[in-house]
Amino acid sequence: MTESTRSPNRFLHLKRVAFRLVAAWTAVMALGGAWHFHEMSEATLKLARIQASLSFQKDLVYRRWSAAHGGVYVPVTEETPANPYLSHLENRDVSTTSGLELTLVNPAYMTRQVHELGRKQYGHQGHITSLNPLRPENAPDPWEAEALRKFERGETEVVEFTSIGDTEYLRLMRPMITEVSCLKCHAAQGYKEGDVRGGISLAVPMAPLWTVTYSHMASVAIGYCLLWLLGLGGIGLGASRFGRRIREGDQVEKAMQEAREQSMRNRVLVETAGAAAHEINQPLSVIAGLSQMFASDKGIANVTVADMDEVRKAAKEIDGIVKRMEEVSEYAAKPYVSGVSIADFGAAETREASTEPLPDGGASS
Ligand code: HEC
């Protein structure tokens, strides 16, 4: 390409700038995307936390409802047998006037059953537990035991993303503090008001939340890719426009150079013609004058040797001029009349000849 060899620096510079722009744009998009993804992940985790927190609050609310009634009576069934840990209560089991057997379900019993239903139906895991459980099956798992120990040291919440088996969960646990109302059934274990009686732990499965987040991330990623491509297109367009401008500049310069050369050629032509006319003019007028004389009525008879000599000298002079013209190897001009300059046939010759002695041995003029 002649264009690129004409302005290799400018093209190289353009390429470098375009490359840097692409790199910068890619970095901006990558960082933006990464930040966006990070924010979305954070939002998902926050959402899980909110879900767990709401679950906990709801557990507390209906638990409180039940506690406000001192527990509720439900029909005795296989799933809901009489609670053996309430055997000390006088009215644990009652029967209606029509003979229906009812048993008292204390708040923890209800919470446990609700948690079991929740696990079966929604995969949410809830667990009411204690380091000193009244019902041995309510014993905590290692994570819960650790959290309960933290509550005893004064912490009020433990939240962690962890897995149970192969499944990822957000686990949240908050303590249940012994109130006066609790002592009716729990004082026998040695609890006093204000003690940590136990806690409720909740585990929100992350998979459904991630499914939503990932599909959202996919559309965001597509958006970023499109934006990135748009940016690349813009950079490409700009670069090609600049490239065109450089090429156009080159063409203008080339045309100007050609015009300069052409005008130089024209000048040389004019000067050469002028010089030839000037140099040849004088001997030519001698020849013309004499030949006119020869043709006059005096006739050829009156021609003297001197006249012939004049003609011969003039012809020789022309011959010399022609020779010098033939020998011209470089451009030289000398000023002529009214600001015009003409080619200087003698200049190049004299410059060459001056290094050698003149043929007739005389001094140079
Ligand atoms: C009517 C009696 C009764 C009252 C009142 C009562 N509980 Fe319980 N609670 C029980 C029984 C019985 C269990 C164990 C059996 C079960 O899981 O059904 C239990 C279990 C628990 C558990 C689960 C761990 C364990 O010990 O097995 C916690 C935590 C708990 N109660 C906290 C409290 C708190 C806090 C209060 C007061 C706000 C309270 N309970 C009031 C009867 C009661």
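What distance separates the centres of domain 1 and domain 2, taken over C-alpha atoms? In this predicted model, the separation between those two centres is 99 Å. The domain assignment places residues 25-71 and 106-205 of the protein chain in domain 1, and residues 216-353 in domain 2. The two domains do touch: eight residues of domain 1 are in contact with 10 residues of domain 2. On the domain 1 side of that contact, four residues are nonpolar, four are polar and none is charged.

I turn now to the ligand. A shell of 26 residues surrounds the ligand, and the closest are Ala108, Asn138, Cys182, Cys185 and Gly198. Two or more residues of the shell come from each of α3 (107-122), β4 (125-129), α5 (180-186) and β7 (196-205). Of these, α5 supplies the largest share, with five residues. Sorted by class, the shell comprises 11 nonpolar, 10 polar and five charged residues.

Is β7 mostly covered or mostly exposed? The strand is mostly covered, as nine of its 10 residues are buried.

β7 also has strand partners. With β4, β7 runs antiparallel, and five bridges join the two; within this pairing, Gly126 has Leu202 of β7 as its bridge partner. Strand β6, residues 167-177, is likewise antiparallel to β7 and is joined to β7 by nine bridges. There, Arg171 stands opposite Ala203 in β7.

How values were computed. Residues numbered from 1 in each chain as written. Predicted model: local features only at pLDDT ≥ 70, side-chain atom pairs only at ≥ 80, totals over all residues. Near = placed C-beta within 6 Å. Helix = DSSP H or I, 4+ residues; strand = E, 2+ residues; numbered from the N terminus. Nonpolar A, V, L, I, M, F, W, Y, C, P; charged D, E, K, R; others polar. Domains from an automatic or database assignment. Contact = placed C-beta atoms within 7 Å. Buried ≥ 20, exposed ≤ 12 C-beta atoms within 10 Å, placed from the backbone. Pairing = 2+ DSSP bridges.
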